[in-house]
Amino acid sequence: MSQTKSTYKYLFGPVASRRYGRSLGVDLAIPKTCSLNCIFCQIGETPSTTIKLSEKPPVNEVLKELARWIQSGDQTDFITVAGSGEPTLHTGFGDVLNFIRDETEFKSLLLSNGTLFFLEDIRNKATSADIVKLSLHAWDQSSFTKITRADPALDFDKILDGFRRFRDIYSGKIDLEVFVIPGINDKAEQMEKIAHIARSFSPDSVYLNSAVRPPADSTVKEASPDLIEKLSLVFGELAVKKIYTTNEAILEYSATALIELISRHPASLDQLAKQFNLSHDVMLNELKILEAQNRMQLTETNGKIFAMPII
Ligand code: SF4
């Protein structure tokens with residue numbers, strides 16, 4: 001399996017995603033551009049939140065890269081419009097989704113925080129995706145502000161209204177991610193409120209997630225598997241209990257593949273060992289060599305070792 005080379009500026013991977021298998025990422029938000037600054041964000045702090053749409057990078061350049069990747073003959077399960085922030089802040093995200101639908105054999109996945117779905121144009125563009133993954137971690141404006149440190153222009157109720165309007169026009173799959181943050185939204189009654197809101201826009205499935213990578217706010221702790229399982233019950237049949245894993249998601253190991261994999265998100269030693277199908281000892285040894293070469297850095301969070309890009 002080949003990996004994207006450094007000649008790609010806007011593409012990363014394919015990486016092995018826990019939920020979606022092999023996924024080629026399209027990054028429309030370099031450097032990190034987001035409407036939120038979530039306390040659990042694994043990409044790091046948002047320098048300054050915004051809801052201003054941007055035309056940069058030029059969408060034609062992104063599409064040219066995608067066309068080149070397709071010509072390379074590499075394979076993937078999904079082409080994911082996501083990256084270092086919120087992709088719907090880019091005016092061309094709909095063009096990228098249309099290109100994937102019309103010019104490739106692969107399925108498209110839009111990873112969005114959904115905060116701009118109150119805008120009709122954003123909702124219409126998002127309908128071109130095969131799957132739209134939205135996020136909901138709060139139950140009112142106050143909890144939304146606390147967890148996401150949202151741009152002041154954003155209104156929680158207006159965002160939810162946007163989710164419902166989107167469901168009305170979209171026949172594809174909506175996956176909902178709920179991030180569980182111990183001490184902030186992990187009480188059963190809080191999760192009940194989130195589930196009640198979720199039912200109002202009928203997601204096809206709900207994933208409960210937790211801080212498995214170093215979060216923007218280092219006080220955010222990982223939720224235990226028991227807690228995740230218990231809180232999943234609140235969502236009934238919608239809750240996805242088993243995380244997608246497949247041998248097809250295993251990547252061939254090379255230093256380049258590893259650097260590429262962690263270039264956007266830190267990854268734990270456990271995850272890397274699984275994704276490259278190596279023992280912990282062998283994986284750790286490889287990581288130490290790359291760290292000594294100053295090509296990445298190792299860090300320890302919540303008792304786990306992570307490989308991170310050098311910032
Ligand atoms: S978690 Fe997603 S929505 Fe939240 S700050 Fe990070 S990139 Fe933005």
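Colleague: How many salt bridges are counted between domain 1 and domain 2?

Modeller: This is a predicted model, in which local features need pLDDT of at least 70 and side-chain atom pairs count only at pLDDT 80 or more, while totals for chains, interfaces and linings use all residues. Residues are numbered from 1 along each chain as its sequence is written, and side-chain values use heavy atoms, with hydrogens and water left out. The domains, whose bounds come from an automatic or database domain assignment, are domain 1 (11-249) and domain 2 (256-311). A salt bridge requires a side-chain nitrogen of Lys or Arg within 4 Å of a carboxyl oxygen of Asp or Glu, and the count between domain 1 and domain 2 is 1.

Colleague: What is the N to O distance in the salt bridge of Lys 304 and Glu 222?

Modeller: The side chains of these two residues, Lys 304 and Glu 222, meet in a salt bridge. From N to O, the distance is 3.4 Å.

Colleague: How much area do domain 1 and domain 2 bury between them?

Modeller: The size of an interface is often given as the accessible area lost when the parts come together. Buried area here is the accessible area (1.4 Å probe) that two parts lose on being put together, summed over both. Carbon and sulfur atoms carry 51% of the area between domain 1 and domain 2, and the total is about 1,300 Å².

Colleague: Which residues of domain 1 lose the most area to domain 2?

Modeller: Three residues together account for 34% of what the side of domain 1 buries. They are Phe 12, Arg 213 and Pro 214.

Colleague: Is the aromatic pair of Phe 117 and Phe 163 stacked or edge-to-face?

Modeller: Rings of Phe, Tyr and Trp (its six-membered ring) pair if their centres lie within 6.5 Å; planes under 30 degrees apart count as stacked, over 60 as edge-to-face and the rest as tilted. The whole structure holds 9 aromatic pairs. In this one, the ring centres of Phe 117 and Phe 163 are 6.3 Å apart and the planes stand at 80°, so the pair is edge-to-face.

Colleague: Are Phe 166 and Tyr 170 buried or exposed?

Modeller: Phe 166 and Tyr 170 form a stacked aromatic pair, with 4.6 Å from centre to centre and 20° between the planes. Buried means under 20% relative accessible area, exposed over 50%, and partly exposed in between (1.4 Å probe, protein chains only). By this rule, both Phe 166 and Tyr 170 are buried.
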